[in-house]
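Reader: Before we talk, could you put the sequence and the model side by side, so that I can follow each point on the structure itself?

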Amino acid sequence: IRQNMGLIFDYEDIDPQNHQKKLNMLPGGDGLKSFILIPGSGDEGGQGDADFTSISKNLGSKFSVYTVNFTNKLKVRDYVKELAHEIKNNDNIISFSVGGFSIGGAFAWHLAKELTEMKVDKFDKKFF
C-alpha cells in the first residue's frame with residue numbers, strides 16, 4: 001500500500017535539516033482570509049510554490065495563500081505538528097482554511113486534525 005501511495009514514508013532516520021518546514025506566503029494577495037495549501041508530491045517532493053502561485057495571483061488581494069515545499073523523505077505527522085505550530089505563531093495569518101491535493105490532501109487532513117486538537121482559533125475548521 002505504501003508503494004502505491006507514493007514516495008512519502010515515516011522514516012526513522014530523517015535529518016530535520018534536510019527538508020523545509022517554512023510556510024511560504026505566495027505573491028498575489030494580502031487579505032485577511034488565508035488558504036494553507038499543501039501540494040502533491042513528485043520526483044522532487046512537494047513544490048507548493050510552483051503549484052499554487054498562479055492560483056494565488058488569480059484569487060486577487062482578498063485572500064492570502066500560504067504553501068510549503070518538502071522532500072519525499074519525511075515523517076508526516078512530525079512535519080505536520082511543526083507546521084501547525086508555525087501557523088499558530090504566525091501573526092500575519094488571521095483566519096484560514098486548509099486544503100491539499102494528492103498526498104497533500106492527506107497532509108492537509110492531518111494538519112486540520114492537529115490544528116483542531118491544538119485549539120487554534122484562527123483555523124475556521126474548513127478543510128478541502
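**Burial, packing and backbone**

Author: Of the 128 residues of the protein, 45% count as buried, where buried means under 20% relative accessible area, exposed over 50% and partly exposed in between, with a 1.4 Å probe and protein chains only. This is a predicted model, in which local features need pLDDT of at least 70 and side-chain atom pairs count only at pLDDT 80 or more, while totals for chains, interfaces and linings use all residues. Residues are numbered from 1 along each chain as its sequence is written, and side-chain values use heavy atoms, with hydrogens and water left out.

Reader: What pattern does the protein follow along the sequence?

Author: Helices (H or I, at least four residues) and strands (E, at least two) are DSSP runs, numbered from the N terminus. The protein has 4 helices and 8 strands. Read along the sequence, the pattern is α-β-β-β-β-α-β-β-α-β-α-β.

Reader: Is Val80 buried or exposed?

Author: Val80 lies in helix 3, which covers residues 76–88. Leaving aside neighbours within four places in sequence, Val80 is in contact (heavy atoms within 4.5 Å) with Phe107, His110, Leu111 and Glu114. The C-alpha atoms of Val80 and His110 are separated by 6.8 Å, although these residues are 30 apart along the chain. Because its relative accessible area is 3%, Val80 counts as buried.

Reader: How are helix 3 and helix 4 oriented to each other?

Author: Residues of helix 3, including Val76, Tyr79, Leu83 and Ile87, meet Phe107, His110, Leu111, Glu114 and Leu115 in helix 4. The two helices pack at an angle of about 55 degrees with their axes 9 Å apart, the axes being lines fitted to C-alpha atoms over the stretch in contact, and the angles running from 0 to 180 degrees between N-to-C directions. Angles under 35 degrees count as roughly parallel, over 145 as roughly antiparallel, 65 to 115 as roughly perpendicular and the rest as oblique. Helix 3 and helix 4 are therefore oblique.

Reader: Near what value is the phi of Ser102?

Author: Most residues other than glycine have a negative phi, and most peptide bonds are trans. Ser102 is found in the loop between strand 7 (95–100) and helix 4 (103–117), and this residue counts as exposed because its relative accessibility is 59%. The phi of Ser102 is positive in a residue other than glycine, near 55 degrees.
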